[in-house]
Amino acid sequence: MRRPLVLAAVAMLLCAGCSTTDAGNRDKPAAASSSPSSGSSSGSGSAVRAAVAALREDTAGFRQKIELESEGQVYGLTITGGFDFAADKGHLAVDLPGGAIDHSDQIFADSKIYISGVQGIGEDTWGVIPRDEAEAHYVLRAPLNDPEHVLQQIAAMRKISREGAEKVQGVRAVRYRGILDHRTVTLRMATDVRTRMDQARDALGSDVPVFADAWVDGRGRLVQIRMSMNMSGARVTLTMALSDVGEPVRVKVPRASDTVPVTEVGGILNG
């Protein structure tokens, strides 16, 4: 089918001739102001980092929506699940309506990731890979959709400004906006993708523009995060909404007899 190929091409968003002139004004980080609604960059950064640190010691449900837009068409996939960040375990489901492979389940436990629907192995067999060996193969995607990777990137936001309060996911939260530097964007990227990102940066003469937002509620909890990149008419946006903070997360690990070791897992579903 054509859709996965289009998704893959758009998700890369890496071309030697890219320029920043196509980035929309809505994606420009707001300059810090002296108004009461805008805090200092250091204070805003502390608020975001504190919210991330708190979540990494807790549990939460999450829903990611990844949108890839090109030539006026928008393609999307969703990632839903629950994660015990303190115990480094969780489960998630990845869905791509209309894709050649439209669903995958992934389980994180014991420093491993178990993946269903891996091409080349049995239908009822799970691929398993050490968690620290998984890599990202697309821009703004986490290695095997690891939600903690997204938190790590958000915690590294720079030039952060406080954008004021908004109602998000049914609660009032302060929105913080910043940028991600090249090192953060390419964190744990596969070598070939990192090389193309390096080439894009060199062609631009500066970091590829990637923008980030974090919404923090009155209790200092992350409610939602977003990362986006828009270049040469192609756009990718990752939005992750968080819920059920503190609720137990149960994980059922596949039996060893139902698993096969894998060294690499590709495909748009797997980041």
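Modeller: Please bear in mind that this is a predicted model. The largest nonpolar core has 59 residues, and Ile-154 and Leu-222 are those with the most contacts inside it.

Colleague: Which strand gives the most to this core?

Modeller: That is strand S10, residues 222–231, which contributes five residues.

Colleague: What is Ile-154 in contact with, leaving aside its neighbours within four places in sequence?

Modeller: Ile-154 touches Val-48 and Val-52, then Ala-212, Asp-213 and Ala-214, and also Ile-225, Arg-226 and Met-227.

Colleague: Let us turn to the aromatic rings. How many aromatic pairs does a search of the whole structure find?

Modeller: The search finds two aromatic pairs. One of them joins Phe-83 and Phe-85; this pair is tilted, with 5.1 Å centre to centre and 35° between the planes.

Colleague: Are those two residues buried or exposed?

Modeller: Phe-83 is buried, with a relative accessible area of 0%. Phe-85 counts as buried too, at 2% relative accessibility.

Colleague: And what about the pair of Phe-83 and Phe-108?

Modeller: Phe-83 and Phe-108 are arranged edge-to-face, with 5.3 Å centre to centre and 65° between the planes. Phe-83 lies in strand S2 (residues 73–84) and Phe-108 in strand S4, so their pair ties together parts that are 25 residues apart in sequence. Both Phe-83 and Phe-108 are buried.

Colleague: Which residues do the ring pairs link into a cluster?

Modeller: The cluster consists of Phe-83, Phe-85 and Phe-108.

Colleague: A change of topic: the backbone. What is the phi of Ser-111?

Modeller: Phi of Ser-111 is near 65°, which is a positive value in a residue other than glycine. Ser-111 sits in the loop between strand S4 (103–109) and strand S5 (112–115).

Colleague: Is Ser-111 buried or exposed?

Modeller: Ser-111 is exposed, because its relative accessible area of 56% is over the 50% cut-off.

Colleague: Where does Leu-144 lie?

Modeller: Leu-144 is found in the loop between strand S6 (126–130) and helix H3 (147–155). Its phi is positive, about 50°, although Leu-144 is not a glycine.

Colleague: Is Leu-144 buried or exposed?

Modeller: Leu-144 is buried: its relative accessible area is 3%, and buried means under 20%.

Notes: Residues are numbered from 1 along each chain as its sequence is written. This is a predicted model: local features need pLDDT of at least 70, side-chain atom pairs count only at pLDDT 80 or more; totals for chains, interfaces and linings use all residues. Side-chain values use heavy atoms; hydrogens and water are left out. Helices (H or I, at least four residues) and strands (E, at least two) are DSSP runs, numbered from the N terminus. Buried means under 20% relative accessible area, exposed over 50%, partly exposed in between (1.4 Å probe, protein chains only). Rings of Phe, Tyr and Trp (its six-membered ring) pair if their centres lie within 6.5 Å; planes under 30 degrees apart count as stacked, over 60 as edge-to-face and the rest as tilted. A nonpolar core is a set of buried Ala, Val, Leu, Ile, Met, Phe, Trp, Tyr and Cys residues joined through side-chain atoms within 4.5 Å. Contact means heavy atoms within 4.5 Å.
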